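Please open the structure in your viewer and keep the selection tool at hand.

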Amino acid sequence: MKIDDIKREFPIFDDKIQNNDLVYLDSANSSQKPRVVVDRIYDFYTKEFSNVGRSVHYLAVAATNLYEQTRVSVQKYINAKDKDEIVFTKGATEAINLVANTFGQKYLSEGDEVLLTELEHHSNYVPWHFLRKAKNIKIEFAEINDDGEVTLEAIEKKITKKTKIISVSHLSNVTGAILPIKEIVQLAHSKNIPVLIDGCQGAPHLKLDMQEIDCDFYAISGHKMYGPTGIGVLYAKKKWLEDLPPYQGGGGMINEVKKEGITYGELPNKYEAGTMATAQVIAFNESIKFMEKIGIQNIEKHEKELLDYGLEKLRKNNSVNIIGNPKEKGGVISFTIEDVHPHDIATILDEDGVAIRAGHHCCQILHDKLNLPATARASFGVYNTKDDIDKLDEAINKCKKIFNL
Amino acid sequence: MDLKDLYQEIILDHGKNPRNLGKFDNYNKDAKGNNPLCGDNVHVYLRLNENKKVEDIAFEGHGCAISMASASIMTDMVRGKEEKEVKEIVSDFLGMIKEKDSLETNILKDDEKTKLMSLSGVKQYPMRVKCATLSWHTLTSALDNSDQIVKTEE
């Protein structure tokens, strides 16, 4: 795999940004888009546009077929058993809200427990908090260890007879820890507890096999997988999608509508109310094909090399403190610089075209635990190179110089 | 815009060694402010005497160099001023950070204005404006006896 060739697929790198070559180290936030994805959206709107699943004219049928092709591509990409187990949402956030809402409605009542971890992104906490308010359920948090990991034992410790669902991140967007999700699912299933995996950071970087992981639900964000914004996927085992109530009501999700009552549509329509993000779904197919073309094993290998190189480089840089030291880690390096606030770091790095994120990365629970108001974070994608990391290191040195460190 | 214009010596100095950091016992007005996106927070304490003059002022909190320096310079600047004057300075400062090129108030001496203008660099960094304004909004809130925690998020 030639990285230079891959980078050329991304138009954002063609031009200078603020007179600098872009060093984009914010892919955990959102990835850049390859030309094939952007072109697909343009082509669909200019040559093929129609709404899907309703009209019988040529364009409508063709658009419906394209839309459904993405479903099959996703099914194959994550090795789901059935294409009806793929539900399109506006993002991973909506996918988690969908599960919390419908599962909560049917299966949670006062005193029941939902088990999360201290690593969770707000999108895998706030939807459950709504249930805490509405139904008086309890939320438990499996603790992180000193390396910023959540172990199987930490999960086991918090499981009680009242635990009704476990919802955990696949890969932490702050420490980069990869959770032992297969083992967590096995353990949970031995106690008849379903598991939701927040796969926002897992899906863009790791090989996925739903049948092997055996989780009940897996939430995917399209825009972190080189795809458009406004598109996500909820993978759910068919038994759950058949069993749980619908999430939103509207056109497309119904079967028969009478004044006396309504019957709902078959899967997956039951969960796709209203006009969906059609162009984005169709373009998302190009993201999947793009990742398949490179090969997820190659992506994993490349990002691991970058991570190892980045960790080595930053560890050598005095006064840089790396957050967490997980044994299994994805391409994320969160760090602080002694006496320099992360927002000052981000502004100074930005001056040289090095785009990182600073803040709590939507993980306030984790930052409270770490006793840090904010951290700086560099995260990698397929287009990054060792040269990007060298530039990060140089920009950090400049920052230290400004602050007389 | 050169980065040096944002991180001037005076900002770095006040950011690293903020003046008036802490809390004093006999304050009679205070307010909290936070900036959840950045994780900056500030708590302003002040004592307004019977003549409506700021007898003492201090702040607690943590945040980036810009927000710390801004709170530090602000507290230095309003000590000894009357409430009415403080409000004029706050409004002049916020106006300068948002749109105006200079400070217009006659209350401040030229060297004081120069000091405050060191914060004008944030104009070029829209995401950082709230870092510079947090303590000022919080000061207003303290003077107005507001119970609301100041939030810079829009």
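In what order do the seven strands of the open sheet in chain A lie? The order is β2-β8-β7-β6-β5-β3-β4, and the pairing is mixed. The model is a predicted one, in which local features need pLDDT of at least 70, side-chain atom pairs count only at pLDDT 80 or more, and totals for chains, interfaces and linings use all residues. Residues are numbered from 1 along each chain as its sequence is written, while chains are lettered from A and ligands numbered from 1 in the order in which they are written.

**First stop: the seven-stranded sheet of chain A**

Select β2 (86-89) and β4 (138-142) of chain A, which stand at the edges of this sheet; each has a single partner strand, so one side of each is left without a neighbour in the sheet. Helices (H or I, at least four residues) and strands (E, at least two) are DSSP runs, numbered from the N terminus. Two strands pair if DSSP finds at least two bridges between them. From one strand to the next, the twist averages 20°.

Next, select strand β7 (residues 217-221) and strand β8 (residues 232-236) of chain A, which pair in the antiparallel sense over five bridges. Within this pair, A:Ala219 has A:Leu234 in β8(A) as its bridge partner.

Two residues are in contact if their C-beta atoms, placed from the backbone, lie within 7 Å.

**Second stop: two helices of chain A**

Select helix α11 (residues 296-316) and helix α14 (residues 386-402) of chain A, which pack at an angle of about 20° with their axes 10 Å apart. α11(A) and α14(A) are therefore roughly parallel to each other (a term for angles under 35 degrees; over 145 counts as roughly antiparallel, 65 to 115 as roughly perpendicular and the rest as oblique). Residues making the contact include A:Leu306 and A:Tyr309 of α11(A) and A:Ile389 of α14(A).

Select the open sheet of four strands in chain A, ordered β11-β12-β15-β14 with antiparallel pairing. Its twist averages 35° from one strand to the next. Three bridges join β11(A) to strand β12 (residues 332-337), and A:Val320 is partnered with A:Ile337 in β12(A).

Twelve residues of chain A are in contact with 13 residues of chain B. The largest share of the chain A side, four residues, comes from α12(A).

Select strand β2 (residues 40-48) and strand β3 (residues 54-62) of chain B, antiparallel strands joined by eight bridges. B:Val44 has B:Phe59 in β3(B) as its bridge partner. The two strands form a hairpin with five residues between them, and B:Lys52 in the turn has a positive phi of about 60°.

How values were computed
Axes are lines fitted to C-alpha atoms, for helices over the stretch in contact, and angles run from 0 to 180 degrees between N-to-C directions.
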